Amino acid sequence: MGEQTISHLVPQSTSTSTTTTNTNAAASSSPSSPSLNTSNSLVPTNRSKKRLTQNQNHSSTSSENPNPKKPRIHTITPLLRPLSTDGEVAAAIRHLRSVDPALVAVIDSHDPPNFQSFHPPFHCLVRSILYQQLAFKAAASVYSRFLSLCGGEAGVVPAAVLSLSQHQLRQIGVSPRKSSYLHDLARKYHTGILSDESIVSMDDRSLFSMLTMVKGIGAWSVHMFMIFSLHRPDVLPVGDLGVRKGVQILNGLEDVPRPSQMEQLCERWRPYRSVGAWYMWRLIENKAGSTGVVPVGSDMGAGSAPVGVSGPQFVDPIQMLPNIG
């Protein structure tokens, strides 16, 4: 085997080949002799030269690359100041006046919104689930009985909700489906997937993704929670029928804009789209006349409009939405 390899790599005369073979065979038979170093004793063929040249070129190119691939840097979007911060609502109104002249008359017709009510995030999410798909009076009655089961508002904590059986909840008017929603939310808190602290510190996009993982909490519920419980300033509830109607009236549109059109139509309101949405509810409230009943809510999925109900959902937004000013 050794003779074939050497003779193939080094085509020389017969006497030279025999001498080299015998020498190498003797060296390899000695237990203390090192292994054959072909780079010193053999001349590489054209194929070997080509391989070496390619490796050298690759090494040279890598070391001299003027534009090496840069590592991806993940930026963290800083949270905007909540609307409950002193002066923030006034700043929002000044901004909306300057960027959207059509809003000026609506702003002048109403007192500014008030975002000063506070409850822990878990409490607000529980209340949101309890109020879903119910008329206000019925929901308020269920909520009151729920507080009694928990021992008052301070008792609305994950451990207390987990301890309530489906039978207990059914006795106060909570459906089995809503019971599963409440228990799923409480379990995510209990296991550490969610917490009041993490919810407050998450950016809007991350928070939306995390909360819509909870059973029974859809996009509309998350948007309402972010605006009226966390007082986030730049939330646009694109699926809310009331906001869409308001944007239609404000811009003189023939049809109610689709959710996919809302981002572009309201882009100028950034970074105070929450306040712009609030004024849309006020605008359609005026258009509804003296009844005080306006279309609000979402027809876009779970956690919003009643299942099986077609057409707009009509509720009183002042009563429906928690912590609204």
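Here are legends for a set of close-up views of a predicted model.

**Figure 1. The whole chain, before we zoom in.** This is a predicted model, and the chain has 325 residues, of which 39% are buried. The secondary structure comes to 18 helices and 2 strands. Take the contacts with a separation of 6 or more: 63% of them link residues 24 or more positions apart. Confidence first, though: the mean pLDDT of the chain is 78, and 65% of the residues reach 70 or more. Two stretches need a caution flag. Over residues 1-44 pLDDT stays under 50, and the model has 15 contacts beyond four places in sequence for that stretch. Over residues 299-325 pLDDT also stays under 50, with 65 contacts beyond four places in sequence.

Figure 2. Is H14, residues 219-228, mostly enclosed or mostly open? Of its 10 residues, 9 are buried, so the helix is largely enclosed by the rest of the structure. The buried residues are Trp 220, Ser 221, Val 222, His 223, Met 224, Phe 225, Met 226, Ile 227 and Phe 228.

**Figure 3. H13 against H14.** Two packed helices are described by the angle between their axes and the distance between the axes. For H13 (residues 204-211) and H14, the angle is about 135° and the axes are 10 Å apart. Why call the pair oblique? Roughly antiparallel would take an angle over 145 degrees, and roughly perpendicular covers 65 to 115, so at about 135° H13 and H14 come out as oblique to each other. Their crossing is right-handed.

**Figure 4. H15 against H17.** Here the angle between the helices is about 75°, and the axes are 8 Å apart. That makes H15 roughly perpendicular to H17. H15 brings Gly 242, Val 243, Lys 245, Gly 246, Val 247, Ile 249 and Leu 250 to the contact, where they meet Ala 277, Met 280, Trp 281, Leu 283, Ile 284 and Lys 287 of H17. By class, the tally is 9 nonpolar, 2 polar and 2 charged residues.

Figure 5. Leu 103 sits in the loop between helix H5 (88-99) and H6. Buried or exposed? Leu 103 is buried, with a relative accessible area of 0%. Its contacts, leaving out residues up to four places away in sequence, are Leu 96, Leu 250, Trp 269, Tyr 279 and Met 280. Gly 276 is 173 residues away along the chain from Leu 103, yet the two C-alpha atoms are separated by 8.4 Å.

Figure 6. Pro 113 is found between helix H6 (104-108) and H7. Pro 113 is buried, at 7% relative accessible area. Which residues does Pro 113 touch, not counting those up to four places away in sequence? They are Val 89, Val 275, Trp 278 and Tyr 279.

Figure 7. Most residues other than glycine have a negative phi, and most peptide bonds are trans. The following spots go the other way.

- Gln 133 has a positive phi of about 65° without being a glycine. Gln 133 belongs to the loop between helix H7 (121-131) and helix H8 (136-150), and is partly exposed, with a relative accessible area of 36%.
- His 231 also has a positive phi, near 60°, and is not a glycine either. His 231 lies in the loop between H14 and helix H15 (241-251). In this case the residue is buried, with a relative accessible area of 1%.
- Arg 270 and Pro 271 are joined by a cis peptide bond, with omega about 0°. Look for Pro 271 in the loop between helix H16 (259-265) and helix H17 (273-287).

Notes: Residues are numbered from 1 along each chain as its sequence is written. This is a predicted model: local features need pLDDT of at least 70, side-chain atom pairs count only at pLDDT 80 or more; totals for chains, interfaces and linings use all residues. Side-chain values use heavy atoms; hydrogens and water are left out. Buried means under 20% relative accessible area, exposed over 50%, partly exposed in between (1.4 Å probe, protein chains only). Helices (H or I, at least four residues) and strands (E, at least two) are DSSP runs, numbered from the N terminus. Axes are lines fitted to C-alpha atoms, for helices over the stretch in contact, and angles run from 0 to 180 degrees between N-to-C directions. Angles under 35 degrees count as roughly parallel, over 145 as roughly antiparallel, 65 to 115 as roughly perpendicular and the rest as oblique. A crossing is left-handed if the near helix is turned anticlockwise from the far one by less than a right angle, and right-handed if clockwise. pLDDT is the predictor's confidence in each residue, from 0 to 100. Contact means heavy atoms within 4.5 Å. Ala, Val, Leu, Ile, Met, Phe, Trp, Tyr, Cys and Pro count as nonpolar, Asp, Glu, Lys and Arg as charged, and the others, Gly among them, as polar.
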